[in-house]
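Please look at the sequence and the structure before reading the points below.

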Amino acid sequence: MTDTVDASKEAKWSLIFWWGAAVGVFLYGLWCVYDGWINLDHDAKTFNQIAAIVCFAATGWLVWQGVKESRQIKEQAAKAEQGQQVQGGESQAQLDDSADKETSSK
């Protein structure tokens, strides 16, 4: 039970990290769009135009990585929970069989 709670907290913080990073990079990309295409009163417009494209691509990658890592954490937690159920006692099939035997003997 505690492993499941720990895994869900880990998955939650993983998403917070990846989505937070994605939001930060996306906002920087928006600033680069403003500075590269809207405000043309400076010499760094080419850098900002390229940086905007890179930032938006990085945002997509960060979101993809976050979702992928969250799914992996959830899958590992589910496998660990299944392993504990089998090792920790009787399986559900064994419990069902013993319940059937008790009802048939009455």
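Predicted model: local features only at pLDDT ≥ 70, side-chain atom pairs only at ≥ 80, totals over all residues.

Helices are DSSP runs of at least four residues, marked H or I, and are numbered from the N terminus. With that in mind, helix 1 gives the most to the nonpolar patch, with 5 residues.

**The nonpolar surface patch**
- Tyr28, Trp31, Tyr34, Trp37, Ile38, Phe47 and Ile53 make a nonpolar surface patch of about 800 Å².
- Two or more residues of this patch come from each of helix 1 and helix 2 (45–88).
- Tyrosine 34 belongs to helix 1, and its relative accessible area of 42% makes this residue partly exposed.

**Serine 14**
- Serine 14 lies in helix 1, which covers residues 2–38.
- Serine 14 counts as buried because its relative accessibility is 6%, and buried means under 20%.
- The side chains of serine 14 and glutamate 69 make a polar contact at 2.7 Å.
- Apart from neighbours within four places in sequence, serine 14 is in contact with Glu69, Ser70 and Ile73.

**The cysteines**
- The structure has 0 disulfides.
- The closest cysteine sulfur to that of cysteine 32 belongs to cysteine 55, and the separation of 4.9 Å is too far for a bond, since a disulfide needs sulfur atoms within 2.5 Å.
- Cysteine 32 is buried, with a relative accessible area of 0%.
- Cysteine 55 also counts as buried, at 9% relative accessibility.

Terms used. Residues numbered from 1 in each chain as written. Heavy atoms only, no water. Buried < 20%, exposed > 50% of the residue type's maximum accessible area, 1.4 Å probe, protein only. Polar contact = N/O pair within 3.5 Å; in protein donor to acceptor, adjacent residues only side chain to side chain. Contact = heavy atoms within 4.5 Å. Patch = residues over 30% accessible without salt bridge, like charges linked within 9 Å, V, L, I, M, F, W, Y side chains within 5 Å. Areas by Shrake-Rupley, 256 points an atom, 1.4 Å probe, with all protein chains shown as cover. Salt bridge = Lys/Arg side-chain N within 4 Å of Asp/Glu carboxyl O.
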